[in-house]
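Biologist: I would like to learn how to read strand pairing and helix packing from a set of coordinates. Could we work through one case together?

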Amino acid sequence: MRTELVRLVASGLLLVIQLPGLGFAAGLHPHHPSNTDNHHARPFSFLTKLRDSAVELLFGRHPTRNADQHIVPSSARAWYTNELVLRFNVTTSEEEIALAHAAARLFLDVWAFTDEFVDIRMHRDEVSPLLSLLPPSLRVAQSTMISDLASAVYDSMPFLHHEAVIRTDEALSASTSPFPEASGNLFFQDYQPLPVIVRWMRLLEAMFPSHVEYVSIGASFEEREISALRVGLPPNVDPTKPRKTIVVTGGLHAREWISTSTVNYVAWSFITSFGKERMITKLLQEFDMVFVPVLNPDGVEYSWQVDRLWRKSRQQTNLRYCRGLDLDHAFGYEWDGSQMQADPCSEGYGGEQPFQAVEAMQLASWARNETLNNNVKFVGLIDLHSYSQQILFPYAFSCQAMPPNLEKLEELAAGIAKAIRLADGESYSVMSACEGATARQDQSTSRIESGGGSAIDWFYHELGAHFSYQIKLRDTGTYGFLLPKEYIVPSGEEVFSAMKYYGDYLLGNNGIERFSEETASPGDQPESAAYDDVPLSQELKRRRLRR
């Protein structure tokens, strides 16, 4: 039936396009006719409509027909059609709990869960069922953050802005002599796919052999290499002394592209500032910095090729149609195997046992080997994520467990937030990572979605990396995970400013703190004045007052 219809329309179209002024090209390349043209065209208005309808039936609607409507690729239509993102403004713990339970019951994708707002992605048909499960106060305290997710995804894709991804050798060769600021590098003018990032990293090693080394952390579940750059000078004073090392990671969650771009931006900034900025030169003489832009290469590749909003790894689970593990719930310290984390279809699923996620195991094994066999002492992990502009410190698994150097963690985090604000005016809140996960039953019990098995907790507790943080980058909800390319450089500058403050702090305090169970006390250090103008969470303030 459809074939006959297409034949009939095509036959009519062949007749119509033979009329003067109504050719096929005129339909595909419309011009703005003069008044004379319009006068002569009026007798054929019915045929014009017939022609246009036939063209649209066979070839689709012309993009100029509706300039306000985006032309979304078929893949985006398939994944995100009729989807949106709602923001709920939460004010009480009861509202947090109700919203968390409702989202879990409907298997919704929670984008952000802070003490002020919750962003949830859903199909339009799921809006009413969700609202029916919420208290009246939340039903009226919601707004639409992204009304057309398919179009938002399309707008964020790099293919929109150029025909092909720039070649990394061209991007670098245009800016190698003299070396420009990172903000002027073509590489950071858009998001780059995994193969381009790896080539770029290898070129950096070739360009700066004195203080840059390309290293492999291991292989992913799908056997992609987990690439890293070690930046720093080989020790020449006392090679037997442990080499203090800072690890900077991104791309644990595949859809958080800004985290990967920011790791690359900060790496380039440190590499090209060596020998020019005194503090950075001194830092890289005393510390190694290991940059891992894509810890989850399988997931990142999948987010480029198939599902832009894919979050987890691509490892097979015990449910065939629910692949992937959340790498930030897969590390061994205080790993959570409760019923809350037992659903392989959950975005926060950490596996059936600690380190089941291949990529988390590879990073931990590499770090253990560096410690045991290569005389490395890890000072801190800076784990970049998006979004919500937060600086989170251990512990993530519980708000009841206090890290021994809590005062210093708070002090440094507040200083980092202040450095960012002084650099460009952006505000980052500071809180314990246990508060930055999701809703809490009350102030004294654990969270509905546990933060157990996090990377910063494992590095802090198992490796003694006592200055470990998770930093959630831009923005606070306008774009969410679909941050436009114009924010790559500003985000990179923010974290570069943060890392310079971080490095200066470590140098000023002679690097690593030594702790012992007998002498460690969270009240050893005085309060810092930096707290006065940095937004701290209410619970953190309450804890400080109790002490």
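Biologist: Which residue in E8 does valine 231 stand opposite?

Modeller: Please keep in mind that this is a predicted model. In general, the strands of a sheet pair through backbone hydrogen bonds, either parallel or antiparallel. Here valine 231 stands opposite methionine 289 in E8, and strand E6 (residues 225-231) and strand E8 (residues 287-292), which run antiparallel, are joined by three bridges.

Biologist: What is the order of the strands in the open sheet, and which are its edge strands?

Modeller: The open sheet has eight strands with mixed pairing, in the order E5-E6-E8-E7-E9-E12-E10-E11. Its edge strands, each of which pairs on one side only, are strand E5 (212-219) and strand E11 (429-432). With direction ignored, neighbouring strands of this sheet are turned by 20° against each other on average.

Biologist: Which strands does H16 touch where H16 packs on the sheet?

Modeller: H16 touches strand E10 (390-393), E11 and strand E12 (469-473), and the direction of H16 makes about 165° with that of E10.

Biologist: How do H16 and H18 lie relative to each other, parallel or oblique?

Modeller: The axes of helix H16 (residues 406-424) and helix H18 (residues 488-508) come within 9 Å and cross at roughly 140°, and the two helices are therefore oblique to each other. The crossing in which H16 passes H18 is right-handed. Among the residues that meet there are Leu412, Ile416 and Ile420 in H16, and Ala498, Tyr501 and Tyr505 in H18. The residues of this contact of H16 with H18 divide into ten nonpolar, two polar and four charged.

Note on methods
Residues are numbered from 1 along each chain as its sequence is written. This is a predicted model: local features need pLDDT of at least 70, side-chain atom pairs count only at pLDDT 80 or more; totals for chains, interfaces and linings use all residues. Side-chain values use heavy atoms; hydrogens and water are left out. Axes are lines fitted to C-alpha atoms, for helices over the stretch in contact, and angles run from 0 to 180 degrees between N-to-C directions. Helices (H or I, at least four residues) and strands (E, at least two) are DSSP runs, numbered from the N terminus. Angles under 35 degrees count as roughly parallel, over 145 as roughly antiparallel, 65 to 115 as roughly perpendicular and the rest as oblique. A crossing is left-handed if the near helix is turned anticlockwise from the far one by less than a right angle, and right-handed if clockwise. Contact means heavy atoms within 4.5 Å. Ala, Val, Leu, Ile, Met, Phe, Trp, Tyr, Cys and Pro count as nonpolar, Asp, Glu, Lys and Arg as charged, and the others, Gly among them, as polar. Two strands pair if DSSP finds at least two bridges between them.
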